[in-house]
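Me: I am new to this structure. Please walk me through a sheet and a helix pair, step by step.

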2 protein chains.
Amino acid sequence: MTTAPGGREPASDVSKADLVHRRLKEEIELGELAPGTPLSELALVDRMGASRTPVREALRRLAGEGLVELAPRQGARVSRVSLQSVRDLFDFRALLEPAAIRQATEAAAGAPELRRAFAAMRTGFARLQRRAPSPARSRAFYELADRFDWAVIGATRNEHLRRTIAELRPHTARLRNLSHIDPQRVEVSVVEHLRMCDGLLAGDGDEAAAAVTEHLAQSLRTIFGNLARAPGAALDLLG
Amino acid sequence: MTTAPGGREPASDVSKADLVHRRLKEEIELGELAPGTPLSELALVDRMGASRTPVREALRRLAGEGLVELAPRQGARVSRVSLQSVRDLFDFRALLEPAAIRQATEAAAGAPELRRAFAAMRTGFARLQRRAPSPARSRAFYELADRFDWAVIGATRNEHLRRTIAELRPHTARLRNLSHIDPQRVEVSVVEHLRMCDGLLAGDGDEAAAAVTEHLAQSLRTIFGNLARAPGAALDLLG
DNA sequence: GTACTACATGATGTATACAGCAGGTATGCA
DNA sequence: TGCATACCTGCTGTATACATCATGTAGTAC
């Protein structure tokens with residue numbers, strides 16, 4: 001946090017509650033705060049450099065997003081993850097995201113600029129497909145996939161749908177970061193994303209939606225497979 | 001709010017924030033607080049008999065549910081309603097609720113007690129169908145329909161789906177209360193609910209889902225029809 | 001008469017003080 | 001030695017004080 005040259009804090013545009021919220025959300029997403037970790041307000045006051053009021057507000061907001069569990073008179077904990085919750089998450093996404101990409105497909109059909117953006121991402125995926133496997137490629141892929149997902153979310157007309165999907169993203173990201181990513185998975189995932197892009201760019205909503213469904217099913221299968229092969233990871237998830 | 005006989009408040013089980021939240025939600029649902037109404041924290045402090053802290057928490061929670069709009073440094077207003085928002089709401093419900101009733105159908109198939117509850121509601125709808133139109137019948141219908149909806153929500157296994165649908169209910173209820181109900185609508189709606197019950201009780205998820213879809217489409221058409229015929233109502237909604 | 005500026009008012013964002021409850025710990029007793 | 005109870009610490013829920021900012025108004029210059 002920088003101080004204005006003049007000397008006084010310039011009454012920052014974003015509230016401290018926003019800052020605390022963002023930082024906590026990020027730490028939960030990254031897995032730095034493991035599921036189940038108790039979140040004492042006073043401890044956060046020290047760590048975040050804000051008073052209890054914005055800290056409390058951030059915790060309440062996170063609880064509303066399902067990232068934190070609040071027990072009355074007992075405080076907050078980072079929300080736990082169970083196998084059932086993973087299944088629920090992906091089932092729900094499988095319900096929402098095909099509808100979202102259909103709307104994005106329609107939107108792109110009428111907005112050349114949007115079409116260009118998606119076309120550029122398609123090129124990016126194609127390039128990634130030709131690169132040799134490496135941690136750097138994996139990182140690049142997840143970055144691009146993230147941009148793609150946000151583009152779809154942004155092109156979703158229905159506000160409820162858009163907000164709900166956006167709210168699910170941190171949960172998915174957290175799962176990715178908690179269960180160590182299978183490098184093998186990138187290979188398949190690139191193909192799936194290419195199929196999504198192709199359907200979307202062709203104006204074929206059904207095809208794009210089918211690609212999303214397939215992608216989600218594969219993702220879930222991979223995660224569950226990882227858990228089955230590595231019971232330790234399951235402990236990570238369930239702890 | 002009652003005081004304990006001994007003299008002191010027994011540290012009520014529910015927090016004041018909960019109470020304020022519930023009261024405000026109800027007033028918004030009932031239309032007592034019209035869309036766009038400014039909600040000053042201090043005014044609410046007086047009216048609700050709580051201090052700013054729980055009032056603020058209630059407002060933030062309502063904002064998370066989309067019932068209140070927060071403008072930084074400018075305060076809260078009851079969220080506005082536009083034609084687009086109505087369409088978005090019903091489109092979204094049309095995406096979620098068929099899936100929910102499919103899960104409820106499966107749940108009922110394996111839970112005799114649940115089946116009995118739904119069967120009882122079916123009987124209630126059938127009885128309503130034979131009654132002569134009257135305000136009392138309309139009230140009874142909406143009460144029963146509400147119980148039915150909550151039963152479906154309760155029987156929805158997927159937690160995300162369940163929470164999301166539950167969060168949409170106040171929005172729908174508000175629309176009903178803002179746009180004066182068409183008594184004619186009850187006639188058709190009873191039939192639609194009977195079809196939902198039949199599908200659900202027969203274990204036919206597809207049929208139940210189709211009935212929900214039909215019901216939502218009809219509801220939306222009715223609301224829009226009302227708005228078209230009575231521009232004054234539109235002003236109510238848009239104001 | 002109109003537009004712009006300075007100010008006064010009231011609100012929100014934040015910090016902090018106080019009250020009551022939950023959980024752990026130590027002590028007493030069997 | 002094991003268990004039950006009482007205490008004690010720390011936390012959450014609430015109330016309130018203070019700082020900063022947005023809005024409306026009065027006044028003035030053109």
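Reply: Two strands pair if DSSP finds at least two bridges between them. Keep in mind that this is a predicted model.

Me: In what order do the three strands of the open sheet in chain A stand?
Reply: The pairing in this sheet is antiparallel. Strand 1 (38–39) and strand 2 (68–71) of chain A each have a single partner strand, so they stand at the edges. The order is therefore 1-3-2.

Me: How many bridges join strand 2 of chain A to strand 3 of chain A?
Reply: Strand 3 of chain A covers residues 75–78 and runs antiparallel to strand 2 of chain A. One partner of A:Leu70 across a bridge is A:Ala76, in strand 3 of chain A. The number of bridges joining the two strands is four.

Me: At what angle does helix 3 of chain A run to strand 2 of chain A?
Reply: Helix 3 of chain A spans residues 52–64. It lies across strand 1, strand 2 and strand 3 of chain A. Its angle to strand 2 of chain A is about 110°.

Me: Are helix 8 and helix 9 of chain B roughly parallel or antiparallel to each other?
Reply: Helix 8 (residues 183–201) and helix 9 (residues 205–229) of chain B have axes 7 Å apart. They pack at an angle of about 165°. Angles over 145 degrees count as roughly antiparallel. Helix 8 and helix 9 of chain B are therefore roughly antiparallel.

Me: Is the crossing of these two chain B helices left-handed or right-handed?
Reply: Residues that meet there include B:Arg185 in helix 8 and B:Glu207 in helix 9 of chain B. By class, the contact has six nonpolar, seven polar and five charged residues. The crossing of helix 8 and helix 9 of chain B is left-handed.

Technical notes: Residues are numbered from 1 along each chain as its sequence is written. Chains are lettered from A and ligands numbered from 1 in the order in which they are written. This is a predicted model: local features need pLDDT of at least 70, side-chain atom pairs count only at pLDDT 80 or more; totals for chains, interfaces and linings use all residues. Side-chain values use heavy atoms; hydrogens and water are left out. Axes are lines fitted to C-alpha atoms, for helices over the stretch in contact, and angles run from 0 to 180 degrees between N-to-C directions. Angles under 35 degrees count as roughly parallel, over 145 as roughly antiparallel, 65 to 115 as roughly perpendicular and the rest as oblique. A crossing is left-handed if the near helix is turned anticlockwise from the far one by less than a right angle, and right-handed if clockwise. Contact means heavy atoms within 4.5 Å. Ala, Val, Leu, Ile, Met, Phe, Trp, Tyr, Cys and Pro count as nonpolar, Asp, Glu, Lys and Arg as charged, and the others, Gly among them, as polar.
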